[in-house]
Amino acid sequence: MVARRIPQLLPLNGVRVLELGGHVSAPFCARLLADYGADVIKVEQPGIGDEARRMGPFVGDDPHPDKSIPFLYLNTNKRGVTLDPATTAGARLLAELLGSADVVVENYPPGEKPAPMLETEYLAKHYPTLIVASITAFGQSGPYRNFAATDIVTTAFSGLMYHSGDSDREPLRNALNQSFYVAGINGAVATAAALFRRMATGQGQTIDVSTVECLASHLVQAVPYYSYMGAIKGRRPVRGSGFEELMPARDGYVIPSVQGSQPWSTVAELISEPGLHDERFASGSGRIEYGEEIYDLLIKGLAQWDRKALHQASGERRLVFGMAQDAGDLHECPHLREREFFRTVSHPVAGEVDYPGMGPRLSGMEYEVTRAAPLLGEHNGEIYGDELGRSAEGLAQLRALGAI
């Protein structure tokens, strides 16, 4: 286990967060707050834990609750306890935790809180300085508030899916539960803003995070197009000139481009396919008119290139080419390695491995993973015993009652 060492200058040092719920959105929101220094206490159901513990893939293909790769990534830098607030003893413990907290992050469906004291009205009345971030699919109000939704549903409802894929095919879903990560990011930003406001007013507030609305707010072109023009922006054309789309190279996929100020001849010389020097392709209108011919020539020319060599050569010519990197490419990427993007995390069950780091960088903050994802109930003794004053006998009794 990585030893706990909290840097003293992290922005959220001194802020305590209770994370309730599970899966992706609330845990990712709380993890971001933990990365910035907050003391996040992850509350899980005794004997069951977060549903993410049962999400694959698993380390070594072993479906163990402490080997879920999504769970391990989502829950670094946190402490973990077990608690059943439906029991009388568990409700008392929860009340004490709420009294010590600055923030609650939860993603229970509206009307399905596991205890009355977690209802928004109760928290606002009894804990007026508490900030409560509630993340759901459709928000806390509206005709869809009680509807359940998976990632494909939220992506479809938001309008984002409609714009993904080719115009002659059905819309495509983005992979890897991205809608819930987007909701978590928005929840963390809103929570930080609410903490800043509390510094001035002393008052807490509730934050209603709708996953669908978070995604819809990212449609920076589609919605204004419709609002101003009454036009519905479609998906990409089936095939154009081959530019600005993924195309096969010798060892993977690349994105050739004509963006920038370089003449067409620079592109043709780089790819080194003689047919691309045809004068018909020198203008933008010509490349549209003869797009099918250019596409076939690009397929032939790009097949002679490896992705990284093409990316390097295009950059030297000030061309905006890209390459599709897989997870192995990212792990070995010299740019990310030089910027020290990855952090090595050691877990007592899952072992030691590199994790992705933090995207933004603050000049006065060095990002660290000071805790691996907690084992189920790992910090019960530390938090309930050392901090809330329960004796060893008291903890044993709480376990016997099913409260922890």
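Predicted model: local features only at pLDDT ≥ 70, side-chain atom pairs only at ≥ 80, totals over all residues.
Residues are numbered from 1 along each chain as its sequence is written, and side-chain values use heavy atoms, with hydrogens and water left out.

## The chain as a whole

The chain has 16 helices and 11 strands. Both kinds of element are DSSP runs numbered from the N terminus: helices are H or I with at least four residues, strands are E with at least two. Along the principal axes, the C-alpha atoms fill a box of roughly 85 × 50 × 40 Å.

Of the 404 residues in the chain, 45% are buried. Here buried means under 20% relative accessible area, exposed means over 50%, and partly exposed lies in between (1.4 Å probe, protein chains only). The accessible surface comes to about 20,400 Å², and 55% of it belongs to carbon and sulfur atoms. These areas come from the Shrake-Rupley method with a 1.4 Å probe, and for residues only the protein chains shown count as cover.

A contact means heavy atoms within 4.5 Å. Among contacts in the chain with a separation of 6 or more, 68% are between residues 24 or more positions apart.

## Strands and their partners

Let's look at strand β4 (residues 103-106). Val103 and Val105 point one way, Val104 and Glu106 point the other way, and all are buried. Strands count as paired if DSSP finds at least two bridges between them. β4 pairs with β1 in the parallel sense over three bridges, with valine 17 as the bridge partner of valine 103. Four bridges join β4 to β5, and this pair also runs parallel; glutamate 106 has serine 134 in β5 as its bridge partner.

Another part of the chain holds an open sheet of three strands, in the order β7-β8-β9, with antiparallel pairing. Its edge strands, β7 (247-248) and β9 (322-323), each pair on one side only. Two bridges join β7 to β8 (residues 253-255), and proline 248 has tyrosine 253 in β8 as its bridge partner.

## Charged pairs

How many salt bridges does a search of the whole structure find? It finds 26 salt bridges, each being a side-chain nitrogen of Lys or Arg within 4 Å of a carboxyl oxygen of Asp or Glu. Three of them are set out here.

| Salt bridge | N to O distance |
|---|---|
| Glutamate 19 and lysine 78 | 2.4 Å |
| Glutamate 293 and arginine 280 | 2.7 Å |
| Arginine 169 and glutamate 170 | 3.2 Å |

Glutamate 19 forms its salt bridge with lysine 78. Glutamate 19 lies in strand β1 (residues 16-19) and lysine 78 in strand β3 (residues 78-82), so the pair ties together parts that are 59 residues apart in sequence. Both glutamate 19 and lysine 78 are buried.

The side chains of glutamate 293 and arginine 280 also meet in a salt bridge. Glutamate 293 belongs to helix α11 (residues 291-302) and arginine 280 to the loop between α9 (264-271) and α10 (284-289), so this pair ties together parts that are 13 residues apart in sequence. Glutamate 293 is partly exposed at 35% relative accessible area, and arginine 280 is partly exposed at 31%.

Salt bridges that share partners also join Arg16, Asp39, Arg79, Arg371, Glu382 and Glu387 into one network.

As for the remaining pair in the table, arginine 169 is partly exposed at 49% relative accessibility, and glutamate 170 is partly exposed at 45%.

## A buried arginine

Is arginine 53 buried or exposed? With a relative accessible area of 2%, arginine 53 counts as buried. This residue sits in the loop between β2 (39-44) and α2 (69-74).

The side chain of arginine 53 makes a polar contact with the side chain of glutamate 44 at 2.8 Å. A polar contact is a pair of N or O atoms within 3.5 Å; within protein, one must be able to donate a hydrogen and the other to accept it, and residues adjacent in sequence count only if both atoms are side-chain atoms. A polar atom of the arginine 53 side chain also lies 3.0 Å from the backbone oxygen of proline 374. Leaving out residues up to four places away in sequence, arginine 53 touches residues including Ile48, Phe58, His64, Phe71 and Leu376.
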